[in-house]
Amino acid sequence: MKKKIIIVGGVAGGATTAARLRRLDEDSQIIMFEKGEHISFANCGLPYYIGGVIEKREKLFVQTVEGMSSKFNMDIRNLSEVIKINREKKTVSVKNLRTGEIYDESYDYLVLSPGARPVIPSIPGIDTANNLFTLRNVKDTDAIKNFIDDNKPEKAVVIGGGFIGVEMAENLHELGIKVTLIEMANQILAPFDFEMASILHKSMIEKGLKLILEDGVQSFENNGTKVILNSGKEIDTDLIILAIGVRPESELAADCGLEIGPRGHIIVNEYLETSDPSIYAIGDAIEVLDYINGKPTAIPLAWPANRQGRIVANNIYGKKEKYKGTLGTSVVKVFDFTAASTGNNEKTLKRIGIHDYEVIHIHPGSHAGYYPGASQISLKLIFDKKSGKIYGAQAIGKNGVDKRIDVIATAIKGGLTVLDLPDLELAYAPPYSSAKDPVNMAGYVASNIIENAVETIQWYEIDKIVENGGFLVDVRNPGELKLGFIKGAVNIPLPELRNRLNELPKDQTIYVYCQVGLRGYLAARILTLNGFKAVNLDGGWKTYSSVYGNEGSNNLHIKTDDSGVAHFDCTGNPMK
């Protein structure tokens, strides 16, 4: 039966839906309304066009109105805003933004793909800040690029340390602009846990960015040339990028009585139907289920929008395909580093009440160490200590990071546990990996914990152990102590351990550590097999000791001089 389908919004979700609909049926009438000028553009590439990495503006456009219209035989109307949904009549009211004309268009099925818009808070002075921009679409991109070309700013403030904020900070820096990044939380990039994000903090500071954490904007003054922070700090700037988050464009859905979630997202079922079965919704505007924990969430990423668009098209034609939830796999470039994550982090698990989990950190090479160009990957794996279910993973490094996170994301979707990771037969040649890939190694370490071959503690537990008089053994070589050590630890290099067992107490737990965790594990096995109670400090020690200068104290802090970065002890709390 011939159908009339209206799609509200283009880009990833809407354009994918439209293309899939036409591939399924040649006869149905497909109309796409887009209030902007462009229906399909690479929004993830916008910061890189501003920074000059993507040199040609036309490279941003995936499909044009003319090209998509002819290729898929559909009616695409850009600069046309749907202003009302009339559910009883099954029509939408549309405003032609060129002429101001308002008219109605009927539908059999309606697909909402309105996306999300940047959050713009009511900060004093924001309305008169004529150098302040947000970044959502090509129009915003052109405005920022034109401002930079015309005004040649020397200083910029980026407010918000999410993906857009971090990417804009890097690209502005690459243009030679002195950048200050301000983030209210104690870290950038919320999908990562604190100790992992700290690697990126250090990298950004070393590149010359000024990073200000745990502080927010109080006001803007002098038409945006001065930013006043909650702490009282004043920052002079020529350019402001506001990137503190997005909110769903759900007003259209709310106004017509569709069910809306507590944070303003459109509620859909597993088939992506709204509370009206003739209306579907996809993309950044909807509430989805977290694939790991099954709870409602909102994850504005390109992959879910594309996948949802295809599923909706299939369901309109009767397939009844389910969307199984969003895993949240993501990757971001931060100067020389790549940072990728999948699934839930520790913050999320604690927030929803899951505490019975284990964490490991490993620091393998991106490929065989004897082949030139290998670099370190810091990989964090979070899992259930009974079943081995993988809750999530995070990785940061210069090479091979996305590959490892993609493998783990695939393992999660395939229902594999950490006990299956050692059995993954992954491609190996010296330029690309090691005979035991980092994913295999993570599986081995996690399996050791599940099988009770070793007990571990995390980096944030050290302060309390030291305060309670715990017995710590540093099994590194003496020359490595200059890299940082834990106050009160006894240094017994691993090769000497068997011959110095008589120096260790058998009536208390011995906490062992090295630089990355491997020698600590070996030491723990030696001690356990010789009748000692031994616990290994997880490789997260490497993560934070490489970032935070220890210098003989268990209070770890960033060495930043006058960088403006908040200081932290090893529990992640601000130091008094």
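This is a predicted model: local features need pLDDT of at least 70, side-chain atom pairs count only at pLDDT 80 or more; totals for chains, interfaces and linings use all residues.

Guide: Residues are numbered from 1 along each chain as its sequence is written, and side-chain values use heavy atoms, with hydrogens and water left out.

Visitor: In what order do the three strands of the open sheet lie?

Guide: Strands of a sheet pair through backbone hydrogen bonds, either parallel or antiparallel. Helices (H or I, at least four residues) and strands (E, at least two) are DSSP runs, numbered from the N terminus. Two strands count as paired if DSSP finds at least two bridges between them. Here the order is E20-E22-E23, with mixed pairing. Strand E20 (266-267) and strand E23 (296-297) are the edges, each pairing on one side only. Strand E22 (residues 286-289) runs antiparallel to E23, joined to it by two bridges. Val-288 has Thr-297 in E23 as its bridge partner.

Visitor: Which strands pair with E30 in the parallel sense?

Guide: One is strand E32 (residues 510-513), over four bridges; there Ile-510 is the bridge partner of Phe-471. Another is strand E31 (residues 490-491), over two bridges, where Val-490 is the partner of Val-473.

Visitor: Are the residues on the faces of E30 buried or exposed?

Guide: Buried means under 20% relative accessible area, exposed over 50%, and partly exposed in between (1.4 Å probe, protein chains only). Strand E30 (residues 471-474) is covered on both faces: Phe-471 and Val-473 are buried on one side, Leu-472 and Asp-474 on the other.

Visitor: How many salt bridges does a search of the whole structure find?

Guide: A salt bridge is a side-chain nitrogen of Lys or Arg within 4 Å of a carboxyl oxygen of Asp or Glu. The search finds 28. One of them joins Arg-77 to Glu-105, with the closest N and O atoms 3.0 Å apart. This pair links distant parts of the chain, since Arg-77 is in strand E5 (residues 75-78) and Glu-105 in strand E8 (residues 102-106), 28 residues apart. Arg-77 and Glu-105 are both buried.

Visitor: Which residue forms a salt bridge with Asp-276, and where do the two lie?

Guide: The partner is Arg-87, again with the closest N and O atoms 3.0 Å apart. Asp-276 is in the loop between E20 and strand E21 (279-281), and Arg-87 is in the loop between strand E6 (80-86) and strand E7 (91-96), 189 residues apart. Asp-276 counts as buried because its relative accessibility is 10%, while Arg-87, at 25%, counts as partly exposed.

Visitor: What do Asp-193 and Lys-380 form?

Guide: Their side chains meet in a salt bridge of 2.8 Å, N to O. Asp-193 lies in the loop between strand E13 (178-183) and helix H6 (194-206), and Lys-380 in strand E27 (residues 377-384), so the pair ties together parts 187 residues apart in sequence. Asp-193 and Lys-380 are both buried. Salt bridges can also link into a network, as with Lys-35, Arg-117, Arg-136, Glu-249 and Glu-251.

Visitor: Why does Leu-272 count as buried, and which residues is it in contact with?

Guide: Leu-272 is buried because its relative accessible area is 1%. This residue is in the loop between E20 and E21. Contact means heavy atoms within 4.5 Å. Leaving aside neighbours within four places in sequence, the contacts of Leu-272 include Tyr-280, Ile-286, Gln-308 and Tyr-323.

Visitor: How are a pocket and a cavity defined?

Guide: On a 1 Å grid over the protein atoms alone, a cavity is a set of points where a 1.4 Å probe fits but cannot get out; a pocket is an open set with protein on both sides within 12 Å along at least five of seven lines, and lining residues have an atom within 4 Å of a point. Grid points are joined across faces, edges and corners, and a volume is the space filled by probe spheres set on the points. The second largest pocket holds about 450 Å³. Its lining has 19 residues, with Ile-362, Met-441, Val-445, Gly-517 and Leu-518 nearest the centre. Helix H11 (438-450) is among the elements giving two or more residues to this lining, and H11 supplies the largest share, four residues.

Visitor: What lines the largest cavity?

Guide: The structure holds three cavities of 30 Å³ or more, and the largest has about 60 Å³ of space. Its lining includes Ile-286, Val-288 and Gln-308. Helix H8 (302-316) and E22 each supply at least two lining residues, the largest share, three, coming from H8.
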